[in-house]
Amino acid sequence: MIYLDAAATTAVRREVLEAMWPYLTGEFGNPSSHHGVGRAAAEALKGARVSVAEVLGCRAGEIVFTAGGTEADNLAIKGIALANPRGKHLVTTAIEHEAVLESCAYLERVHGFAVTYLPVDRFGMVSVADAIAALRPETTLCSMMLANNEVGTIQPVAEIAAAARAMGVPVHTDAVQAAGALELGVKALGVDAMSLSGHKLGAPKGTGVLFLKGRVAVEPVMHGGGQEKGRRSGTENVAGAVGFALALRMAHAGRVERIARVSRLRDALIRGVLEGVPSAVLTGHPSARLPGSASFCFPGTSGEAVLLSLEERGIVCSSGSACAAGSDEPSHVLMAMGFSREVAQTAVRFTLGDGVTAEQVAEVAGAVRDGVRAVMGIGGR
């Protein structure tokens, strides 16, 4: 099997499993308990918090451990909006992850917020001028992903955050796909909140982090015992936090060499697919894209049929966001980029992880050529 769906999930690193093991066995205490086993768990949790903060360039107290990127997005958007007395206006983009879009829709539906959805160009890029023009004195929050999960386009978050900061508007970025691929320094980005997910980095599913700048008020969405400084109640997943921290540190430490290598493989895959299938359309920005992201539309086919054809050839990829699996609707990202409904339904996404080789990329390019031809020969539209 050749696995090219790293944007959906990655395998847990062996080093991460080994780091977690003590806190799943002998050191199983509740970090809120005041005995020896509990104190050991609390120390491990503290160490994980410090480790994450060092990578992000923030204070340890600004790290909130969550059950994943979706919870982090919900806490950031609902929490900041409901705690912030500025007004009831949100700015986001039309291509955000469903966790962001549905959180904004909830605030609009239940709490009477107005939401401005910024458009994107044909490459999936937000206009800085459009974003700045959308900010108002009563804007409560601006939420913009650092890099798109479907087409890989990298957004000008730092530039937009600088303008928002000048107006006193907090900025949240969903950096789930960017972790390990882009610089995550929160000061350089100028953001007040950042969401991360462990299973994109080699940590287990169900682990995540929200960076929340100390001065930013937040209304918790999980109520209970007041853990995480009252921002996220519930007994912390100590083993998960330890695993997340190590996975993030490993991804950060090796990113320069990995980015260069994976970018070369991505470019080779793009060339191979476009040469083998001249009618294919590369989606996303031609240069401002994640190093491991190559997504295409294959007009005249069905994306799902191409996926099945590739899987028969031992290649695993996806038609878009794994969080929208089972939906017959075309990608909201591609629709926002101006693709027709029919063409959007031909999308196939390849996302390269650490273990992919040049030989595998060449094999995939050939399989895409053969798979697309097979689908079109069966009865393309």
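Reader: What should I know before I look at the residue numbers and the features?

Author: Residues are numbered from 1 along each chain as its sequence is written, and side-chain values use heavy atoms, with hydrogens and water left out. The model is predicted, with local features needing pLDDT of at least 70 and side-chain atom pairs counting only at pLDDT 80 or more, while totals for chains, interfaces and linings use all residues.

Reader: Into which domains is the protein divided?

Author: Domain bounds come from an automatic or database domain assignment. Here that gives domain 1 (14-251) and domain 2 (255-379), whose centres, taken over C-alpha atoms, are separated by 28 Å. Contact means heavy atoms within 4.5 Å, and 28 residues of domain 1 are in contact with 25 residues of domain 2.

Reader: How do the axes of helix H3 and helix H4 cross?

Author: Helices (H or I, at least four residues) and strands (E, at least two) are DSSP runs, numbered from the N terminus. Axes are lines fitted to C-alpha atoms, for helices over the stretch in contact, and angles run from 0 to 180 degrees between N-to-C directions. In this model the axes of H3 (residues 69-83) and H4 (residues 98-111) come within 9 Å and cross at roughly 30°. A crossing is left-handed if the near helix is turned anticlockwise from the far one by less than a right angle, and right-handed if clockwise; H3 passes H4 in a right-handed crossing.

Reader: Which residues in H3 and H4 meet?

Author: From H3 they include Thr70, Asp73, Ile77 and Leu82, and from H4 they include Ala99, Val100, Tyr106 and His111. By class, this contact of H3 with H4 has eight nonpolar, four polar and two charged residues, where Ala, Val, Leu, Ile, Met, Phe, Trp, Tyr, Cys and Pro count as nonpolar, Asp, Glu, Lys and Arg as charged, and the others, Gly among them, as polar.

Reader: How much space lies in the largest pocket, and what lines this pocket?

Author: On a 1 Å grid over the protein atoms alone, a cavity is a set of points where a 1.4 Å probe fits but cannot get out, whereas a pocket is an open set with protein on both sides within 12 Å along at least five of seven lines, and lining residues have an atom within 4 Å of a point. Grid points are joined across faces, edges and corners, and a volume is the space filled by probe spheres set on the points. The largest pocket holds about 710 Å³ and is lined by 37 residues, with Ala6, Thr10, Leu352, Gly353 and Asp354 nearest its centre.

Reader: How many cavities of 30 Å³ or more does the structure hold?

Author: There are two, and the largest cavity, with about 60 Å³ of space, has eleven lining residues, of which Glu150, Ser295, Ser319, Leu334 and Ala347 lie nearest its centre. Strand E12 supplies the largest share of that lining, three residues. The second largest cavity has a volume of about 30 Å³; among its lining residues are Val55, Gly180, His252 and Arg255, and helix H8 (residues 238-253) gives the largest share, three residues.
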